[in-house]
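Student: I am new to this structure and would like to know what the terms used for it rest on. Could you take me through a few of them?

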Amino acid sequence: MLSHIFITFIDHQSIQQIITQDGVSKEKECVTKLLSLLLEFGKIPIEVFTDNFYQLFQFGYGCSTSHCDTNILAILKYLEKNNVSSKYPFAYGKYVEEVKNMKNVAMYNEVCIKILEELSPTLLNNLIENFPIRDNEKVRHHDTENPTVSSEEMDPEYVLSFLYHIVNKGEVQVRMLLSHPISRVLLLSLSCHDNLTRYIGYMCIEKIYYLILEERFKEKQMCSYLFNMLKNSIQSEYARLPHLFHVLFGENTS
């Protein structure tokens, strides 16, 4: 009975419009919170979900730290845990429409480069300024009078996972990558107290170092020296480096 009500609810055009609208709103926060709680407490059987449901929430995701995006990310993770996912997990918002009918993985890689180029410098810079170094810091800054208004920071979990995806594919121009604000997020991740965050960061560092060696560009020697120095300075596996070091290092990469 509840499954039928849920499907009727989520299939309603006005509900889908709320979920997929740009930005944040009280309506979107309430709807996504309700859905995430229903899933969290096992009130909806996973059998009712299809790939179309996943795409719906992908379309509504904005990869920020707002309550709306946090709720949607929880839903997406729950679906992935139960084998409901997309072949193109890093597409969000308007990019979902571009990859919806793709059958060529190479085209998806092109879209990922486009996503990288169009990531908001403002959102990334806000993340850099408020990067969560400690485990209990979640970069969740909201207006106290209106909880749906976020400080517009990009979600570090999305940024680092997305970065690893594109460097792992090796189809991004490393010079462009190093001049992008995302490189500073990478450096800051190595100072984080969270082990998984540092692990992803070091994996990215390793991949970028070899991309530097393979590509020809003016600053190649200096960049390869800096990344090699960074790699060789690690005394233990995935060691946490001083925050101040990465603040200064990050300033020099911008």
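**The cavity and a buried lysine**

Tutor: Gladly! In this predicted model, the largest cavity is lined by Asn109, Cys112, Ile113, Ile166, Lys169, Glu171 and Val172. Helices α7 (105–118) and α9 (156–169) are the elements that each give two or more residues to that lining, and α7 has the largest share, with 3 residues.

Student: What makes a residue a lining residue of the largest cavity?

Tutor: A lining residue has an atom within 4 Å of a cavity point, so Asn109 and Cys112 are among those that qualify.

Student: Why is it called a cavity?

Tutor: Because a 1.4 Å probe fits there but cannot get out. The search of the whole structure finds 1 cavity of 30 Å³ or more, and the largest cavity has a volume of about 40 Å³.

Student: Now Lys28, in helix α3 (residues 26–40). Why is Lys28 said to have no salt bridge?

Tutor: The nearest side chain of opposite charge, Asp69, is 4.8 Å away.

Student: What makes the approach of Lys28 to Gln21 a polar contact?

Tutor: A polar atom of the Lys28 side chain lies 2.8 Å from the backbone oxygen of Gln21. The cut-off is 3.5 Å, so this pair is within it.

Technical notes
Residues numbered from 1 in each chain as written. Predicted model: local features only at pLDDT ≥ 70, side-chain atom pairs only at ≥ 80, totals over all residues. Heavy atoms only, no water. Helix = DSSP H or I, 4+ residues; strand = E, 2+ residues; numbered from the N terminus. Buried < 20%, exposed > 50% of the residue type's maximum accessible area, 1.4 Å probe, protein only. Lys, Arg positive; Asp, Glu negative; His and termini not counted. Salt bridge = Lys/Arg side-chain N within 4 Å of Asp/Glu carboxyl O. Polar contact = N/O pair within 3.5 Å; in protein donor to acceptor, adjacent residues only side chain to side chain. 1 Å grid on protein atoms, 1.4 Å probe; cavity = no way out; pocket = protein on both sides within 12 Å on 5 of 7 lines; lining within 4 Å. Points joined across faces, edges and corners; volume = space filled by probe spheres on them.
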